[in-house]
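Me: I've just opened this one and want a quick tour. Where do we start?
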Amino acid sequence: MTSIATVNSFGIRLGTFSPVSHAVLYLGDGQIAEAVGTGVRARPLAEVVDEEQMVVAFRVPGLVEADVEKMRDWAHSQVGTRYNTAGVLLNAPFVLNRRLCELPLIPSAVSAYCISGLATVQLGASRNDQFFCSQFVLEAYRQAGVPITDADPRWVSPADLLHMREGDVPSIAATQPLRYVGHLKYNPPPVLAADGPA
């Protein structure tokens, strides 16, 4: 089972200072599941690759087929579930404000307490009947009994997922780092010469 990070929303990338803005769950057989504005849907991976400028795949090491089946079944059962619009709107300022809790001189225990308190105030009570993209991916792993992080999925942005990869320094701790599988697509934006186009 693979998590895939993509670039599709300039607003989310700008608000979270991240090169990625979306996360999807690979289901196998060329299909993905994702939470978008219209709700949870399943569709071909090829469509995602065609639409995006960059698509990167990561894997949680050590999954067994039974874990994958649980995630796949759960993801299919959620198709049609409403998008967590309020959650994603609240997550953006939370990600920015959380940076105060993550300053280098703050001890990790104090930082964790700060983030937890800030989340309680800014994000309110937890609910799992609606999803935004990274929340959906994390909930799928949690439902299969192999959570990627102990943090509430509503706290985690696509940028946080990206930084849970091996060799990176995560903002939110992962139970085990994600393994980079590869870039499925990478088309950097064109660079214009200082004098403009020729």
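Reply: Start with a term. A residue is buried when its relative accessible area is under 20%, exposed when over 50%, and partly exposed in between, using a 1.4 Å probe and protein chains only. The model is predicted: local features need pLDDT of at least 70, side-chain atom pairs count only at pLDDT 80 or more, and totals for chains, interfaces and linings use all residues. Residues are numbered from 1 along each chain as its sequence is written, and side-chain values use heavy atoms, with hydrogens and water left out.

Me: Okay. Is Ser157 buried or exposed?
Reply: Ser157 has a relative accessible area of 2%, so it is buried.

Me: Where is the place of Ser157?
Reply: Look in the loop between helix 6 (133-143) and helix 7 (158-162). Helices (H or I, at least four residues) and strands (E, at least two) are DSSP runs, numbered from the N terminus.

Me: What does Ser157 touch?
Reply: Leaving out residues up to four places away in sequence, Ser157 touches Asn91, Val95 and Ser134. A contact means heavy atoms within 4.5 Å.

Me: And Cys133, which helix is that in?
Reply: Cys133 belongs to helix 6. Its relative accessible area is 4%, so Cys133 is buried.

Me: How many Å separate the C-alpha atoms of Cys133 and Ser157?
Reply: The separation is 8.2 Å. Along the chain, Cys133 and Ser157 are 24 residues apart.

Me: Which residues does Cys133 touch?
Reply: Again leaving out residues up to four places away in sequence, Cys133 touches Ser21, His22, Ala23, Ala35, Tyr83 and Pro158.

Me: New topic: the whole chain. How many helices and strands?
Reply: There are seven helices and six strands in the protein chain. Their pattern along the sequence reads β-α-β-β-β-α-β-α-α-α-α-α-β.

Me: How much of the protein chain do buried residues make up?
Reply: Of its 198 residues, 44% are buried. Take the contacts with a separation of 6 or more: 66% of them come from residues 24 or more positions apart.

Me: Now helix 5. How many residues has it?
Reply: Helix 5 has 16 residues. From first C-alpha to last, helix 5 reaches 21 Å, close to the 22 Å expected at 1.5 Å a residue. That expected span is 1.5 Å times one less than the number of residues.

Me: Which residues of helix 5 are buried?
Reply: Ser111, Ile115, Ala119 and Leu123. Viewed down the axis of helix 5, these buried residues fall within an arc of 70°, so they line one face. The arc is that of the directions from the helix axis to the C-beta atoms.

Me: What covers the buried residues of helix 5?
Reply: The cover includes helix 4 (85-101).

Me: And the face of helix 5 turned away from its buried side, which exposed residues does it carry?
Reply: That face carries Ala109, Tyr113, Thr120 and Val121, which are exposed.

Me: What follows helix 5?
Reply: Gly124 comes after helix 5, and its phi is positive, near 75°.

Me: Last one. What is the phi of Asp29?
Reply: Phi of Asp29 is near 55°. That is a positive value in a residue other than glycine.

Me: Where is Asp29 found?
Reply: Asp29 sits in the loop between strand 2 (22-28) and strand 3 (31-36). With a relative accessible area of 78%, Asp29 is exposed.
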